[in-house]
Amino acid sequence: MFNGQIKTDIPTPIGESKTRLDAHEKVTGAAVFADDMQFGNGLLHARILRSPYPHARIVSIDISQAKQLPGVKAVVTGEDFPGFLGLYLLDRHIFCRDRVRYVGDPVAGVAAIDESIAEKALELIKVEYEVLEPVTDPEFGTGPEAPLIHPDLDQYKVANFILPQPGTNISNYFKIRKGDVDSAWEKCAAIIQRKYRIPHIQHVPIEPHVAIAQVEESGKVTLWGTSQSPFAQRNLIAQALGVTQSDMRVIAPYIGGGFGSKAGVSMESLAAAIATKVKGRPVKLLLTREEEFYTAFVRQGLVAHFKMGCDEDGNLLAMENKFYWDGGAYTEYGVNITRASGYSSSGPYEVPNVKTDSYCVYTNHPVGGPMRGFGMPEMHAGLEQCIDELAHQIGMDPVEFRAINCLKDDSILVTGSKMHPTGLSQCLEKTAKAIGWGTKANPSAPNKRRGKGIALMWKAPAMPPNAGSSAWVELAEDGQVTVGLGGQDLGQGAFTVGAQMAAAALGVPYEWVHVATPIDTRYSPYEWQTVASRLTWSMGNAIVSAARDARRQILEMMAEAWEEDEDNLDILNGMVVSYKSEKEMPLKDIVIYGVPKPDDQGWIGGPVIGRGKFMPDYVTGLDPETGQGERAVVHYTTGAQAVELEVDLDTGQIDIIKGAAAFDVGRAINPDMVIAQIEGGFVQGMSSALFEQLKYEDGYLQNPSFVDYRIATSSDIPEGIQSFIVEVPQDDGPWGARGIGEHSMVPTIPAIANAIYDAIGVRFEGPPFTSEKVYLGMLEAGIVK
Amino acid sequence: MKLHRIELTVNGELDRVDVPAQMTLLDMLREKLMLTGTKNGCAAGECGACTVLMNGEPVNSCLVLAVECDGSEIVTVEGLAHDGQLDPIQRAIVEAGGVQCGFCTPGILITSRALLDRNPEPTDSEIQEALVGNLCRCTGYQRIIDGVLEAAELEKELAHV
């Protein structure tokens with residue numbers, strides 16, 4: 001175990017709220033985002049012809065007229081690119097070849113000297129379709145009556161922990177069989193059975209997706225883009241195009257928000273593919289906001305069935321869950337969301353008997369991607385409401401019920417392994433106290449009802465067992481440090497936290513540390529992806545390891561030069577010091593040219609460059625029939641949220657008055673940025689609870705704009721959010737740290753739903769809890785007339 | 001394509017630009033003047049990322065035609081700092097932690113600058129109202145609001161010096 005302690009009397013930036021490294025660039029307009037990059041007059045503009053139907057067979061495509069339009073440099077279709085794409089299950093082509101599976105599925109691409117010519121060329125492409133019956137409900141989609149969306153499912157390549165069911169629309173089926181659910185029900189004093197439906201929503205980062213690709217005469221590909229996953233894109237797009245990974249270079253400048261939307265491979269492959277047909281010239285594809293709404297990853301819809309029961313003392317005895325994930329037309333991440341929700345399906349509770357069936361189902365909706373929380377907000381939305389109902393049914397306070405059942409150190413998890421040390425109980429206590437649990441304030445007006453609600457959460461980084469990180473640390477003539485890393489700063493502050501860790505592990509001031517940006521797969525060290533809230537922990541470990549490697553080289557050099565024992569040497573504030581001889585040497589004097597030998601005849605050392613890596617090596621597989629195994633995941637971040645709100649009886653409008661949130665982050669490397677994640681996640685979660693839904697009718701999107709797809713604005717936020725950091729260290733985290741980025745929006749929907757119930761005694765099948773829905777619910781319940 | 005010659009002041013400097021009639025102020029700034037600090041988030045006047053000052057008023061530059069700007073005075077995010085000194089609103093937003101991904105930040109800074117210019121002591125709710133057209137998906141807004149309040153304080157102090 002790495003305890004990270006260098007010397008307690010040394011001021012280190014660990015636990016200090018340092019200002020973001022990129023703040024100055026970002027407030028002056030100097031920060032370069034992908035759309036800001038300049039490619040000169042040779043730049044070509046790409047536009048994409050997309051399917052107008054949710055499900056259809058392509059009968060014919062005629063591109064002859066489009067090709068003849070002056071200014072058009074390339075027109076491509078699926079025929080040009082036979083390769084497959086997919087992170088876990090290779091189920092799609094870059095352009096559709098025989099069939100379209102959602103409205104917006106790419107059918108053809110054009111590169112032209114300007115955008116208007118490219119648009120005009122799209123109008124000249126003639127496509128004949130034979131319209132097929134779409135699948136728009138995941139539960140129906142699993143049945144024998146549903147038309148097959150991927151008849152070739154049995155031929156697709158797939159990762160060994162994903163279990164598609166050929167001959168059906170099920171792209172992954174994950175099971176938990178723990179204990180004996182069937183015989184547990186009769187021991188239950190209370191049982192709750194509910195169905196919840198969580199709609200599709202979207203990430204809507206304010207920066208739209210953009211990709212620029214250039215292919216050299218030799219076939220080497222360079223791709224610039226809005227990317228959370230430059231290395232995964234290198235790997236997957238190279239395979240789809242049939243080039244080697246070493247001939248594929250991905251450059252990822254700052255990105256204007258990701259939330260999962262810019263992870264894996266989406267529209268980038270289109271630009272890269274088109275560029276192969278116009279060698280030498282950069283090709284740029286910038287999605288319009290409308291195109292974003294139609295074609296960027298969506299958060300999958302979910303139909304969830306819960307049954308849970310407890311004994312008369314409130315001990316949870318059994319849970320039986322069925323999750324039908326609306327995976328969409330193809331499944332970049334959806335199959336693993338299905339798996340993650342399966343191995344986390346008990347919620348953050350110890351339950352002796354659990355039966356879960358989690359299905360990822362192909363539908364004719366857009367591609368389900370990863371979105372902040374990776375299935376957990378959707379799953380917890382229903383689960384945490386059932387927990388409240390169960391507590392009410394046996395006459396127990398929901399906080400007390402949760403305190404009894406929630407995970408503690410060594411609790412047995414749903415997959416059979418033991419829980420690591422966790423501060424979940426503390427999180428529950430702190431949020432309940434902050435919201436004034438057990439007391440009821442008067443509504444602000446006679447036509448309002450006030451309520452409080454609480455919810456817990458847990459979430460593990462969902463990733464392959466061996467997702468790796470690497471880093472390097474090098475020093476310059478001024479003694480300052482540059483950290484090479486391959487993870488992306490989406491705004492969460494990964495670069496800042498990385499610099500803090502390097503400074504602490506090496507022994508230099510934080511202000512001396514720089515990060516080598518932009519991420520460039522040619523020069524940056526490997527990082528699996530910026531997803532799963534894994535960077536602070538995984539990339540952090542790699543950075544610490546690289547900084548310690550550099551430190552070791554420096555101390556070895558000076559021990560030899562000073563003819564001293566290395567153990568007596570240290571690096572403090574950029575200075576090598578000896579506790580024995582009290583000698584001092586500034587780093588700047590030694591890290592490039594080394595030092596003279598003690599006899600002055602010859603030299604020791606030379607340019608210092610430290611290298612480090614981290615890869616968890618302890619995650620085991622799970623039994624495909626029972627979902628049981630030794631260690632399903634690397635760790636779980638846990639937490640709680642509570643809200644106080646008012647419901648307007650005249651309008652149904654919900655006003656969130658107060659929020660409270662607490663998460664066990666292991667160790668906060670930068671407490672202020674941890675709080676910023678907790679606050680930002682609360683508001684994004686609140687937005688998903690109150691406003692957001694992609695409305696599909698028979699597979700057709702009805703609200704593709706910010707006017708019709710409303711997200712939280714500055715006027716919607718609560719009067720205050722009280723945030724708490726709980727720190728129960730992670731054994732293999734840097735200084736004990738684990739992730740926080742995604743977790744902060746996981747419990748928000750159920751906390752709000754439970755508060756609405758507390759206020760008006762009504763529950764809804766799913767979010768968003770719009771004024772209209774709430775008002776109609778009150779009408780139906782007879783609360784208003 | 002017919003081009004129209006316009007003259008305008010951008011960030012205090014007089015510029016002369018030839019633009020097609022349908023070119024937006026946003027595209028002119030980004031593509032003709034290489035001022036890429038102003039961002040394109042929706043090109044439909046819905047997100048506020050492209051906000052600039054036009055004759056002192058905040059506008060969505062994606063909804064203004066470049067030719068309309070003939071003779072006007074434009075300030076973009078690049079024009080907020082002077083002589084290497086950040087504007088108080090820039091300093092305060094950084095200190096309040098109101099920057100995450102940074103994509104909405106230029107628009108937020110410009111809208112806030114315009115608010116402080118017409119109302120040097122805005123209340124919480126006046127700030128919320130002013131920023132309602134500037135979408136931010138990262139911060140949850142409170143730190144941005146805190147930043148504007150701090151900037152107002154800073155400017156009051158500076159005025160007294």
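Me: Which domains does the assignment give for chain B?
Reply: Quick heads-up: this is a predicted model, where local features need pLDDT of at least 70, side-chain atom pairs count only at pLDDT 80 or more, and totals for chains, interfaces and linings use all residues. Residues are numbered from 1 along each chain as its sequence is written, while chains are lettered from A and ligands numbered from 1 in the order in which they are written. Domain bounds come from an automatic or database domain assignment. For chain B that gives domain 1 (3–79) and domain 2 (88–160).

Me: How many residues of each domain of chain B take part in the contact?
Reply: The C-alpha centres of domain 1 and domain 2 of chain B lie 22 Å apart. Two residues are in contact if their C-beta atoms, placed from the backbone, lie within 7 Å. On that basis the count is 14 residues from domain 1 of chain B and 13 residues from domain 2 of chain B.

Me: Which strand gives the most to the side of domain 1 of chain B that touches domain 2 of chain B?
Reply: Strands here are DSSP runs of E, at least two residues, and helices are runs of H or I, at least four, both numbered from the N terminus. β3 (51–54) and β4 (57–60) of chain B each supply at least two residues to that side. The one giving the most, with 3 residues, is β3(B).
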